[in-house]
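Please have the sequence and the model in view while I talk.

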Amino acid sequence: MTGAGPVLRLSGVTKRYPGVVALRSAELEVFPGEVHAIVGENGAGKSTLMSIAAGSLLADTGTVEICHQVMRSPSPSAAQELGLAVVYQQPALLPDLTVMENLVFAMLPAWRPPMNRAAAWARERLDLVGADVGLHERISGLSVTDRQLVEIAKALAMEPRVLILDEPTEALVAEDVERLFEQVRRFAATGTAIVYISHRLPEVRRIADRITVLRDGETRGTFRMADVTEEDVLRLIVGRPIDSTFPAKATGQGTDPGAAPVLDLRAVSGPRFTDVDLRIRPGEVVGLAGMPGNGHHDLARSLAGLQRLDGEVSVRGVPVRPTTPRRALDAGIVYVPGDRPREGLFKTLSVRENTAVLTLADRATAGFVRQGRERSATAAQTGALAVKAPSLETPAGTLSGGNQQKVVLARSLLARPRLLIAEEPTQGVDVGTRLEIYRILRELADEGNAVLVVSSDTHELQGLCDRVMIFSRGRVCADLEAAGVTEEAITGAILTGSPSSGAAAQGTTGPPATPGSPAKRWSPSMPWLRGLMSGDHAPGIVLAFAALLLVGIAATRNDQLLSPQNFEGLLYTMSALIFVSLGQMIAVMLGGIDLSIGPLTGFLVVIASFLATSGGVAGTVTAIVAMIVLAGGIGALNGSMIRLAGMSPVVATLVTFIVLQGVSLLLRPLPGGFIHDGVITALHATIGFVPWVFVVAVVVAVAGEWVLRRTRWGMQLRAVGSDEPAAHRLAAKVTLTHILGYGACSVLAALGAVVLMGQNGIGDATAGLTYTFSSITAVILAGASIYGGRGSFLSAALGAVLIEVTINVSAFLDLNDAWRQWLLGILTLVAAAVFCGFRGGRLAGKAAGT
């Protein structure tokens, strides 16, 4: 390896944050064909060092050299072009894009398959890592394990010269780990350099050729794996000898069979599990295990009040119904979620606020939290877990993954649970802290409480648990206890077990009944309907049906509604709103909004009232070109204020709203400046009774939809709105996308202004004001996500159609303005409710933990 020279070299890398030095002159050399492990405590600088190598984080000092070339302008795209790929600890996946789109989007142009071959190409990559997921499933709907497998498949698909694996197995079961190791060895055999970061030392010993230890941001040494023992590595990691891995299990009174159980479950059922009996006595630590999807995780979540639970549940002899997390907490059940990023942490809140959130009432007087008591309690609990943070006021989202896990555990322990349910409690946690967590869990049980551990780590289950219950097909297939709790027995029961009468849960084998499961919301005979209605185009189908229904009902009351003259005027009017709504959809898909789009439309008509008055071709072309150029510049200014000045979209576009409206009133205090009749006549020209501007609006909507789904720019637009940090890691041009996106938004508004110019025929500063809220309504009707990343141009166009049809129909039905507004409001509420129900989860995911 030495003769070949390192293909990854980091020299003198230093990185400082306020109050902490993450890296101090760190060094690393990785050679072709080797698997090089990096180990260290949480906060030691491992992920920071790899983020610098990947170009997603800039070092204060030091150099990064990939394949013998210094990365002089670090960025994710520069690192990828030099041959480096990363599997991040928190997967760099885009939640609103499909599995296939995530794989395609991550590829450099040279490796990106054409869209007509993308499905077969993506399936091949997923099969290599055993990812049994649908190509058209959105990442937001995948389990933690499946997301990790997709992340690994994405990195391997790049066929890199240097592959960085940052905690790749934390969410994987043993079978998936073995499959990953096969791929790692295959890539290493072809000369790829592998950097493997993990807290799991047994895995490191199996896979690594050399190992580098980091502690407190410094390189403590690099060794051949064969030359050091596990004890040597532990001593280097924590800086002290390690005496024992697991605390002694409870004996005697703590697990007295005659003691009243802390938790007593009798014939409980829920999503993916049925007819489960379980009793946990004081002082017991009980483990749940099984292959993914067999019900053990669902039982834990149901006990925490996150899913429905039927049957008898008692805590210390008192019947409880944990129908909500609040009720579960009141009963003394505290839950540590396995999906920390989505369910366990308020990333923008401080360490103190995250730790204290479950126990605020205990430190409040008359509803006011006493911060001194809160601070002392949180400081003690985070100190006991050795949370590494510059201060208690540091945002929790800025901590390393392991320290985030400690904060979640600290919060749970501070609530003084009777029953602590811990899903993957040591996932992403370093060796030293793992021992502390084991000790704390055992001490909690020794105090007369109970601990329920759901873990995929059989070694952890063997060393920590007094009993382990194995699930298969939603039922308990084995109940191991005492000397029977071994890694071999647990693994054997997981791989060979099937529900039987000898287990704690009685019943026959077969798929479990799932009363109350969200999966049963729709009849199994109608899966096509759920798939159809959960897509981005589903709202368009409903909107088209609603518009036709309204027209049909109104036509029975007034047959003039169907006259060619009315349809011609209606189609012309809706053309302007279609263009403006398409622009607003771009802003919303970026995770923003454009409040200035209405005044911009009116402002452009005012400009046209000075230029399009002669009727000549030159004057008309000049007016339209000026409108488009001005609009593009104003939109780019909006995008620049948002990205470069750091203003929120609401503030930036509100400022533009006020300025544009003021300028419009300055230019035209009163309506004036008539548009030439020749221009108006040309704009109102028809094909049959269909205005040509409506045909153009439809063509633009269809073309926009194609761009959105089939091109890199369209996927990049949705990627940036879906998850901006992940998009940046995947080499998306985030700032440019925002600026161009808002520019395109305003250009589409300019096309709407051209139509409005022909409709009004005069410069009126107030003409476009209603388009701001009408376009927002159309986008909401179209089912776009207010968080960004999801939407459809076709659905937005149909949303505009429904709005204009509603206005038109209300006139024929002699409804006043109040009824017109109420009807639109009711339609909007119904649309929002329907599509939130079909899609489910996105809002819950964003608000997880509340």
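Before the first pair of residues, a word on terms: helices (H or I, at least four residues) and strands (E, at least two) are DSSP runs, numbered from the N terminus. This is a predicted model, in which local features need pLDDT of at least 70 and side-chain atom pairs count only at pLDDT 80 or more, while totals for chains, interfaces and linings use all residues. Residues are numbered from 1 along each chain as its sequence is written, and side-chain values use heavy atoms, with hydrogens and water left out.

Let me start with the salt bridges, by which I mean a side-chain nitrogen of Lys or Arg within 4 Å of a carboxyl oxygen of Asp or Glu. By this rule the count comes to 31. One of them joins Arg 179 to Glu 175, with the closest N and O atoms 3.5 Å apart. Because these two residues are four apart in helix 6 (residues 174–189), about one helical turn separates Arg 179 from Glu 175. For accessibility I call a residue buried under 20% relative accessible area, exposed over 50%, and partly exposed in between, using a 1.4 Å probe and protein chains only. Arg 179, at 22%, therefore counts as partly exposed, and so does Glu 175, at 45%.

Now turn to Glu 284, whose side chain meets that of Arg 281 in a salt bridge of 3.2 Å, N to O; both Glu 284 and Arg 281 are buried. Glu 284 also forms a salt bridge with Arg 467, at 3.1 Å from N to O. Arg 467 lies in strand 21 (residues 467–472), whereas Glu 284 sits in the loop between strand 12 (273–280) and strand 13 (285–290), so this pair ties together parts that are 183 residues apart in sequence. Arg 467, like Glu 284, is buried. Through shared partners, salt bridges join Arg 281, Glu 284, Arg 467 and Asp 479 into one network.

On a 1 Å grid over the protein atoms alone, a cavity is a set of points where a 1.4 Å probe fits but cannot get out, a pocket is an open set with protein on both sides within 12 Å along at least five of seven lines, and lining residues have an atom within 4 Å of a point. The structure holds three cavities of 30 Å³ or more, and the largest cavity has about 100 Å³ of space. Of the 14 residues that line the largest cavity, Gln 80, Ala 85, Val 86, Tyr 88 and Arg 729 lie nearest its centre. Helix 2 (76–82), strand 6 (84–87) and helix 5 (144–157) each supply at least two residues of that lining.

The second largest cavity has about 50 Å³ of space, and its lining includes Glu 170, Arg 200, Glu 424 and Arg 434.

The second largest pocket has a volume of about 480 Å³. It is lined by 22 residues, and the closest to its centre are Thr 770, Ser 774, Ile 803, Glu 804 and Ile 807.

Finally, which helix holds Val 659? Val 659 lies in helix 23, and at 48% relative accessibility Val 659 counts as partly exposed.

Note on methods: Points joined across faces, edges and corners; volume = space filled by probe spheres on them.
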